[in-house]
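Try each task before reading its solution.

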Amino acid sequence: MADAPLDLLLLPSWLVPVEPAGVVLHDHGLGIRAGRIVLIAPRAEALRHTALEVRELPGRLLTPGLVNAHGHAAMTLFRGLADDLPLMTWLEKHIWPAEAKWVNEQFVQDGTELAIAEQIKSGISCFADMYFFPEMACERVHASGMRAQISVPVLDFAIPGARDADEALRKGMTLFDDLKHHPRLSVSFGPHAPYTVSDANLENVRVLAEELDAGIHMHVQETAFEVQQSLQHHGERPLARLQRLGLLGPRFQAVHMTQVDDEDIALLVATNSSVIHCPESNLKLASGFCPVEKLWQAGVNVAVGTDGAASNNDLDLLGETRTAALLAKAVAGSANALDAHRALRMATLNGARALGLDSQIGSLELGKSADLAAFDLRGLAQQPVYDPVSQLIYACSRDCVEYLWVAGKPLLEAGVLTRLDEQRIIATSRAWGEKIGGRQA
């Protein structure tokens, strides 16, 4: 097998493996066989290997595919529906009523497909999703060739697709069992937030997650009001309550965490829980600032997510990561905070680790899945190139994304989707917009 030809040999100008940290390899080749990385070597050595296809990528930077560690994919169909509002007004007066009226299986299928297409074109190879009818999202991910963690939403009240938390958990267990051997899909549990899930239902989530070794994906301490409410109702901060109930641990993914004190950090470190940072959604909803540098220096794994397009309003993880890097400096009061290489790590390997996928993806290492993104650094706005990683984080947009592979299969070729019909998706999304916006009888 060692002498078998490579399926694909990529020859970029720069290759950033992410692990080891801070490394940029110039004029190296990366070889793929059976969907996995089997070769990383200097160009001359790489060219001595037989390959079924050789792809020259001058002026391109090859990185791991980006990992969008939090979002609500189908909510792309609510993009721009209720902007410039605080979180609870946005949720209670606009989003929840719109969901009650419009969300069904077809909405989730079409909205998820729109999100998948946008994310592929943004260099994202893997995303975490938490939304209704998760089985519909799984169908779209399976067909698209992308990788994803799909969280089963759990709330104390009825939601589209589940009459109550018990039904949501039953359906989640079935979905988990159906997909436990899927090569690109994993199922986790998604209790919405501490203020929408009771102790009893949180304990049920904990028991199931432990039995199945599944992740727990949850909005936590997104606003100061949430923390104040928890102190009034429970006599403790939300994170402390979750710890008391046994939810924190390596499988726990705490989304947002804009309200963080030293006791919170100690809990996150002690339990090896991850934080998913969504800076643009937090800024737009005026929710607060996650202290990324302080968490990082304490040893907390911090990943990055776009959140849903209804509150962001895009699924551009590269732009999100730039915002995260700039905001981290302002919050920490230090220009050294979250440098470009660490920002890229946050958007790749840290995200993979948060989702429990770091043995498979997130870095360019031998034996890992060939989930890769190639960025074009030949443009006017990227010149001159001194440090390609710095250029990627601070000077590139998602328009620089040229190629994307998941498990060695091309999902984006020269900026064109290979498995999805972009014009059909646009037409379907416009039709939903006309219906939701009241322009269609």
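**Exercise 1.** At the start of H3, which backbone nitrogen does a side-chain oxygen of asparagine 104 reach?

Solution. First, know the model. It is predicted: local features need pLDDT of at least 70, side-chain atom pairs count only at pLDDT 80 or more, and totals for chains, interfaces and linings use all residues. Residues are numbered from 1 along each chain as its sequence is written, and side-chain values use heavy atoms, with hydrogens and water left out.

Next, find helix H3, residues 105-120. Helices are DSSP runs (H or I, at least four residues), as are strands (E, at least two), numbered from the N terminus. Now look at the start of H3: the oxygen of asparagine 104 comes to within 3.1 Å of the backbone nitrogen of glutamine 106.

**Exercise 2.** Describe the span and surroundings of H3.

Solution. Count the residues: H3 has 16. The expected span is 1.5 Å times one less than the number of residues. From first C-alpha to last, H3 reaches 22 Å, close to the expected 22 Å. Then check burial (buried is under 20% relative accessible area, exposed over 50%, partly exposed in between; 1.4 Å probe, protein chains only). Of the 16 residues of H3, 14 are buried, so the helix is largely enclosed by the rest of the structure.

**Exercise 3.** How many disulfides does the structure hold?

Solution. Apply the cut-off: two cysteine sulfur atoms within 2.5 Å. The count is zero. Take cysteine 126: the closest cysteine sulfur, in cysteine 138, is 12 Å away, too far for a bond. Cysteine 290 is in no disulfide either; the nearest cysteine sulfur, that of cysteine 278, is 9.1 Å away. Cysteine 126 is buried at 0% relative accessibility. Cysteine 290 is buried too, at 2%.

**Exercise 4.** Which residue forms a salt bridge with aspartate 262?

Solution. Start with the rule: a side-chain nitrogen of Lys or Arg within 4 Å of a carboxyl oxygen of Asp or Glu. The structure holds 28 such bridges. Aspartate 262 pairs with lysine 294, with the closest N and O atoms 3.1 Å apart. Aspartate 262 lies in H9 (residues 262-271) and lysine 294 in H11 (residues 292-298), so the pair ties together parts 32 residues apart in sequence. Aspartate 262 is exposed at 53% relative accessibility. Lysine 294 is partly exposed at 47%. Elsewhere, salt bridges that share partners join Arg79, Glu118, Asp316 and Arg398 into one network.

Notes: Polar contact = N/O pair within 3.5 Å; in protein donor to acceptor, adjacent residues only side chain to side chain.
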